Amino acid sequence: MKIREVRTHILKANLSQPFSFSQWWYDARMACLVEIETDDGTVGWGECYGPARAVEAAINEYRGFLVGKNPLDRQVIWDWLYNRFRDYGQKGVMIEGLSGVDIALWDIAGKHFGAPVYQLMGGAVRKEVAAYATGMYRTGGSGEVEALQAEAASYVNRGFKAMKIKVGFGFDFDVAFVKAIREAIGPRIGLMVDANHAYDSTNALRLARAIEQYDIGWFEEPVPPEDRRGYRHVRNNTCIPIAGGECEFTRYGFRDF
């Protein structure tokens, strides 16, 4: 079996209601999908994280190296492509593109062997996981906080036991927002916050200490991903657990973190 073709597909959806989380406003969402076809007609699909057009360009760089390869040689292909582009591809869009390719190759392997990918990876450690709701994105306008409180309450009514909200809009708003959501969902529902690295360590810690009283499950990306000293500073000076890693890449990056 050989790879015959590698295609990309850009998906775009314009939003009827623009929204904001932490530092940015969005009026559309985009994604890049990878389609890999083999000479026996098997097709695998992968999805890439990151800016869709930029990731598509990365996959275009990989295409010539993929055609003709055995798609079951997943690790060989990953290592070869990573080594080929490592001078400028240890992080960022090159890895995001490679990830989409890797997912598509796993999809092909699952279809080829007639087994779900989790079995090919060694089996299921658990049969179910708890889900939490993510939302309460800002849309602006009068009555915004009250509308977000109602949204949070609706997740409780749907059976969610925890939810995560965005912060990063400034200290005063964030504290009032966390308080409002906690009041809306009550004391028994888990509540986490995510700043999408909007703050430096001084201001992240100031916010963390102000919202500790609202029983926060974790504070995600309180500082920029490059600021590992800042992560440590926040972690060591608040009782709120710190989460991160969304902007990290490969086992090498996570090992160092």
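The model before us is a predicted one.

E220 belongs to strand β7. Is this residue buried or exposed? Its relative accessibility is 11%, and the limit for a buried residue is under 20%, so E220 counts as buried. The side chain of E220 also has a polar contact, at 3.2 Å, with the side chain of W218. As a general point, side chains in a regular strand alternate between the two faces of the sheet.

The residue that follows deserves a word as well. E221 is located in the loop between β7 and α8. Its phi is near 40 degrees, which is a positive value in a residue other than glycine. E221 is buried too, with a relative accessible area of 1%.

Which strands make up the open sheet, and in what order? There are 5 strands, arranged β4-β5-β6-β7-β8, and their pairing is parallel. At the edges stand β4, residues 133-134, and β8; each has a single partner strand, so one side of each is left without a neighbour in the sheet.

On one side, β7, residues 216-220, pairs with β6, residues 190-194, in the parallel sense, and the pairing extends over 3 bridges. Within this pairing, I216 in β7 is the bridge partner of L191. To pass from β6 to β7, the chain goes through helix α7, residues 201-211, in a β-α-β crossover that is right-handed. The loop between β6 and α7 contains H197. H197 is not a glycine, yet its phi is positive, at about 45 degrees.

With β8, residues 242-243, β7 also runs parallel, and here 2 bridges join the strands. F219 is the residue opposite I242 in β8. The chain passes from β7 to β8 by way of helix α8, residues 228-236, and this β-α-β crossover is likewise right-handed.

How do β1 and β2 pair? Strand β1, residues 3-21, and β2 pair in the antiparallel sense, over 14 bridges.

The loop between β2 and β3 holds T42. At 17% relative accessibility, under the 20% limit, T42 counts as buried. Its side chain is in polar contact with the side chain of D40, at 2.9 Å. Not counting residues up to four places away in sequence, T42 touches M1, I36, E37, I108 and K111.

How much space lies in it? The figure is about 620 Å³. In general terms, empty space of this kind is shown by rolling a probe the size of a water molecule over the atoms. The lining of the largest pocket consists of 21 residues, and those nearest its centre are F21, Y26, R29, Y49 and G50. At least two lining residues come from each of β2, residues 24-38, and β3, residues 43-48. It is β2 that gives the largest share of the lining, with 6 residues.

Finally, some values for the protein as a whole. It has 9 helices and 8 strands. Its C-alpha atoms fill a box of roughly 60 × 40 × 35 Å along the principal axes. Of its 257 residues, 42% are buried. Among contacts with a separation of 6 or more, 67% are between residues 24 or more positions apart.

To close, I would ask you to keep two places in view on the structure. One is E220, a buried residue in strand β7. The other is the largest pocket, where β2 supplies the largest share of the lining.

Definitions and conventions:
Residues are numbered from 1 along each chain as its sequence is written. This is a predicted model: local features need pLDDT of at least 70, side-chain atom pairs count only at pLDDT 80 or more; totals for chains, interfaces and linings use all residues. Side-chain values use heavy atoms; hydrogens and water are left out. Two strands pair if DSSP finds at least two bridges between them. Helices (H or I, at least four residues) and strands (E, at least two) are DSSP runs, numbered from the N terminus. A crossover is right-handed if, with the strands pointing away from the viewer, the path from the first strand over the helix to the second runs clockwise. Buried means under 20% relative accessible area, exposed over 50%, partly exposed in between (1.4 Å probe, protein chains only). A polar contact is a pair of N or O atoms within 3.5 Å; within protein, one must be able to donate a hydrogen and the other to accept it, and residues adjacent in sequence count only if both atoms are side-chain atoms. On a 1 Å grid over the protein atoms alone, a cavity is a set of points where a 1.4 Å probe fits but cannot get out, and a pocket is an open set with protein on both sides within 12 Å along at least five of seven lines; lining residues have an atom within 4 Å of a point. Grid points are joined across faces, edges and corners, and a volume is the space filled by probe spheres set on the points. Contact means heavy atoms within 4.5 Å.
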